[in-house]
Amino acid sequence: MPTIEPVSAQTAATKAAVLAEALPYIRRFANKTIVVKYGGNAMTDPALKEGFARDVVLLKLVGLNPVVVHGGGPQINDLLARVGKQGEFVQGMRVTDSETMDIVEMVLGGLVNKEIVSLINQHGGRAVGLTGKDGHFIRARKLFLRGTDDDEQIDIGQVGEIESIDPELVALMDTRDFIPVIAPIGVGSAGEAFNINADLVAGKLAEVLKAEKLILMTNTPGVLDKSGQLLTGLTPKKVDRLVEEGTISGGMIPKISSALEAAINGVNSVHIIDGRVEHALLLEVLTDHGVGTMISRDED
């Protein structure tokens, strides 16, 4: 028989305290939907990938309804490089010609989506992979970027903005105890595919599902002030001020835009968390002290 190592009183007390701390959150969020945008290092580091899959399964098993929306930028870049194609970006958005769109679909709807589904299922979950083309549940139209002149429109190919999301398919999966894993690909009126920013898909999906929380995983601790300190309790008005003064800029702006829209339109709280921290998802949802920035729809 295997030898069971004794647990010290201090270790036992710590474990018991963590479990007791989680209980009120499990009760509070039972049967509530939590949309998670999965991206950054958490998608590329093997240990973090395994940890994320376990965390999603645990949330499902204790009664929450996690919905995963994933990105895949590094994986798309790798495959583009292998076919001798250089990725091009304008205003932070990937220029997506027809050849690039084929690769985006191959990576997001195939390789990355299947890997996430497989990992969750290996850890005891019942995950199902989807793209917005399935049942045409994510309707999109072509996105044009604004140039330096307000009247100038920049065409970046098959990049879309969300026209509508039909929540029925995802809601049905929740009721049957499946965990939806969604690639951010939309479908146009003529059946054409569109590459959509994953943060925007996660935010809009959280709105239409009337989610309790939207969680955006990043490679930063959260929203930082000008001295590099983490900002925690934010509201839409506070975020507007931070954008105006330049504290929030660059790649954080799409995440903040998605977070703000979700908070304003009914999602109770939005969290921007550091996916490089092990079990960041559990720490943010089930403990008193999270690992990122929370944006609440309630103003002071």
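How many nonpolar, polar and charged residues does the lining of the second largest pocket have? Here are some friendly notes on that and on a few other spots.

1. The model is predicted, so local features need pLDDT of at least 70 and side-chain atom pairs count only at pLDDT 80 or more, while totals for chains, interfaces and linings use all residues. Residues are numbered from 1 along each chain as its sequence is written, and side-chain values use heavy atoms, with hydrogens and water left out.

2. By class, the second largest pocket is lined by six nonpolar, nine polar and five charged residues. (Ala, Val, Leu, Ile, Met, Phe, Trp, Tyr, Cys and Pro count as nonpolar, Asp, Glu, Lys and Arg as charged, and the others, Gly among them, as polar.) Of the 20 lining residues, Lys213, His271, Glu284, Asp288 and Met294 lie nearest the centre. At least two residues each come from α1 (9–28), β13 (269–274), α9 (280–286) and β14 (292–296), and β14 gives the most, with three. The space in this pocket is about 290 Å³.

3. On to the cavity: the whole structure has one of 30 Å³ or more. (On a 1 Å grid over the protein atoms alone, a cavity is a set of points where a 1.4 Å probe fits but cannot get out, and a pocket is an open set with protein on both sides within 12 Å along at least five of seven lines; lining residues have an atom within 4 Å of a point.) Its lining consists of Tyr38, Lys49, Phe52, Ala53, Ile116 and Leu119, which divide into five nonpolar, no polar and one charged. Helix α2 (46–61) gives the most to this lining, with three residues.

4. Two aromatic pairs are counted (ring centres of Phe, Tyr and Trp, the last by its six-membered ring, within 6.5 Å; planes under 30 degrees apart are stacked, over 60 edge-to-face and the rest tilted). One of them is Tyr38 with Phe52, stacked at 3.8 Å centre to centre and 0° between the planes. Because Tyr38 lies in strand β1 (residues 33–38) and Phe52 in helix α2, the pair ties together parts 14 residues apart in sequence.

5. Residues making the contact (heavy atoms within 4.5 Å) include Asp199 and Lys204 of α6 and Lys255 and Glu261 of α8.

Methods:
Helices (H or I, at least four residues) and strands (E, at least two) are DSSP runs, numbered from the N terminus. Grid points are joined across faces, edges and corners, and a volume is the space filled by probe spheres set on the points.
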